Amino acid sequence: MNSECFGLAERLVDRTYVQQAHQAKQSLTNQIRTLLEHRKWPEEGWDEATVELVLRELALMDSNNFPGNCGVGEREARVASGLVDRRHFRLGHGIGRSGDISAIQPKAAGSSLLNRLANIFALDVIKLAGVRAAAACVLVPMATGMGIVLCLLTLRHQRPQAKYVLWPRIDQKSCFKAIKTAGFEAVVIENRLEGDELRTDLAAVEDKLQELGAENVLCVYSTTSCFAPRVPDRLEELAELCKKYDVPHVINNAYGVQSSKCMHLIQQACRVGRVDAFIQSTDKNFMVPVGGSIIAGPDERFIAEVSKMYPGRASASPSIDLFITLMSLGRSGYKKLLAERKEMFQYLSAELSRVAEEKGERLLKTPHNPISMAMSLSGSAAGHVGKDVTQLGAMLFTRCVSGTRVVAPGSDKDIAGHTFKNFGAHHDNYPCAYLTAAAAVGMTKTDVDLFIKRLGKVLGKAKSRSDEREAGCATADEQEDSVESPADTLNCSNER
């Protein structure tokens, strides 16, 4: 309702009451005006009703919601299910055009405006988190792996003769498959074992650049966020090498936005050397459903080329999810989440160290990894037979503990024609088995306490099995191929 409508309403309802309603509506209108005028992520989060009002207003700007609209094309945002229509706030046109995912859609001014705002906020987040050198970003409706593929395909046009991607090893399938999907040959750079940590072998990277010829290398593809005991790559040194040899540099920053240390590494790499793009997941960093990633970089032109590389229009769902979440949190709300995550990292580290010591194990020393940590499984707690070690993850999962990884030596895996020895450990010969846990954004003290409680019980159970074996007895679990009875499995909801 505009001012005229409120004036007419005064003929039907007491003028005082109508004026109160008009003032309230004007306050909301001023909020939206300020948002569009300043194009900044709000400092304080908006309440859900106001965010929903903005989405409804934006939807009214799309042609499919025009009164009397007559659509005769093949793509008119027709939605058969009312439930689906409401789920997407009647924003059915998606984002972008056939030639550029960032382009404005003539039929969808509201969806295009929302997409622009989501990208503006995403860039604000990246700068707030520590990469002030970021000049542009684009939010794409693909998870991190496919976002990396898009970057590699964009680089193909700049370096048509290049066929190799230098990749410091990280044992996660999607990271490696991104190279193969883009049609390039992966040159795996094995990590160096320094104490407990696995770190970048810079000499090996430079040797490969010289051996293969820099002009034949598409890019160096490095990593920040990773499972311990691997730690973030030496980004500054890699960026300097890329600048020296004039080779592009793409960084997998999957869940690194939540870590000031990871973001500082990227900022420094941009400052001292070459960084073309860094890619981060929306779900891992902002607690939204899986399906989106943010491709950012210090060169606006390259990010624009990435946008143009995306074929066709795209789903608006990740943009809607990120817009709603960032508007609801505000800058202050997200900063609070980042601070809480750091506190949880310290708390989890202390508690995991304590339970490790109690069970005759130790927390591996990985000071360069700011998110993930690992506890040794040398035998004291896990039992002396390797099978027990590999079962720990399953035993935790049946107790509603998700996200842990148990890595034991001796598991080789073939991925897209390349055999990784001791897959999962990021190294051919890591000296011990271990269990990982991560303190990611959104983790609570309750999560940590429940994990530590259940881990202690599982490790105790594994130790008792080991003792029975040494006495020459077969456990009931072994007789049933380690399948636990319902009575052995903790009730997740009740334990909370």
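The legends below describe close-up views of a predicted model.

**View 1. The largest nonpolar core and the residues at its centre of contacts.** This core has 87 residues, and the members that touch the most other members are Ile126, Trp167, Tyr221, Phe278 and Ile295. Helix 5, which spans residues 109-129, supplies the largest share of the core, namely 9 residues. In soluble globular proteins, nonpolar side chains tend to be buried together. Apart from this core, there is a second, separate one of 26 residues, which includes Leu363, Met373, Val389 and Ala408.

**View 2. Isoleucine 295 and its surroundings.** When neighbours within four places in sequence are left aside, isoleucine 295 is in contact with Ala136, Cys137, Val138, Val140, Gly147, Leu150, Cys151, Ala277, Phe278, Ile279, Ile303 and Val306. One of these partners, Phe278, is listed together with Ile295 among the core residues that touch the most other members.

**View 3. Serine 111 in helix 5.** Serine 111 is found in helix 5, and its relative accessibility is 3%, so this residue counts as buried, the limit being under 20%. Leaving aside neighbours within four places in sequence, serine 111 is in contact with Asp62, Leu91, Gly94 and Ile95. Glutamate 37 lies 74 residues from serine 111 along the chain, and the C-alpha atoms of the two residues are separated by 18 Å.

**View 4. The crossing of helix 6 and helix 12.** Two packed helices are described by the angle between their axes and the distance between the axes. For helix 6 (residues 144-158) and helix 12 (residues 300-309), the axes come within 9 Å and cross at roughly 105°. Because angles of 65 to 115 degrees count as roughly perpendicular, helix 6 and helix 12 are described as roughly perpendicular to each other. On the helix 6 side, the contact is made by Leu150, Cys151, Leu153, Thr154, Leu155, His157 and Gln158, which meet Phe302, Glu305, Val306 and Met309 of helix 12. The residues of this contact divide into 7 nonpolar, 3 polar and 1 charged.

**View 5. Lysine 284, a position annotated in UniProt.** An unreviewed UniProt entry places the feature "modified residue: N6-(pyridoxal phosphate)lysine" at Lys284. Lysine 284 is found in helix 11, which covers residues 282-286, and with a relative accessible area of 35% this lysine is partly exposed. Leaving aside neighbours within four places in sequence, lysine 284 is in contact with Ala254, Tyr255, Gln258 and Val441.

Definitions and conventions: Residues are numbered from 1 along each chain as its sequence is written. This is a predicted model: local features need pLDDT of at least 70, side-chain atom pairs count only at pLDDT 80 or more; totals for chains, interfaces and linings use all residues. Side-chain values use heavy atoms; hydrogens and water are left out. A nonpolar core is a set of buried Ala, Val, Leu, Ile, Met, Phe, Trp, Tyr and Cys residues joined through side-chain atoms within 4.5 Å. Buried means under 20% relative accessible area, exposed over 50%, partly exposed in between (1.4 Å probe, protein chains only). Helices (H or I, at least four residues) and strands (E, at least two) are DSSP runs, numbered from the N terminus. Contact means heavy atoms within 4.5 Å. Axes are lines fitted to C-alpha atoms, for helices over the stretch in contact, and angles run from 0 to 180 degrees between N-to-C directions. Angles under 35 degrees count as roughly parallel, over 145 as roughly antiparallel, 65 to 115 as roughly perpendicular and the rest as oblique. Ala, Val, Leu, Ile, Met, Phe, Trp, Tyr, Cys and Pro count as nonpolar, Asp, Glu, Lys and Arg as charged, and the others, Gly among them, as polar. UniProt positions are given in the numbering used here, feature names are shortened, and annotations may be inferred rather than shown by experiment.
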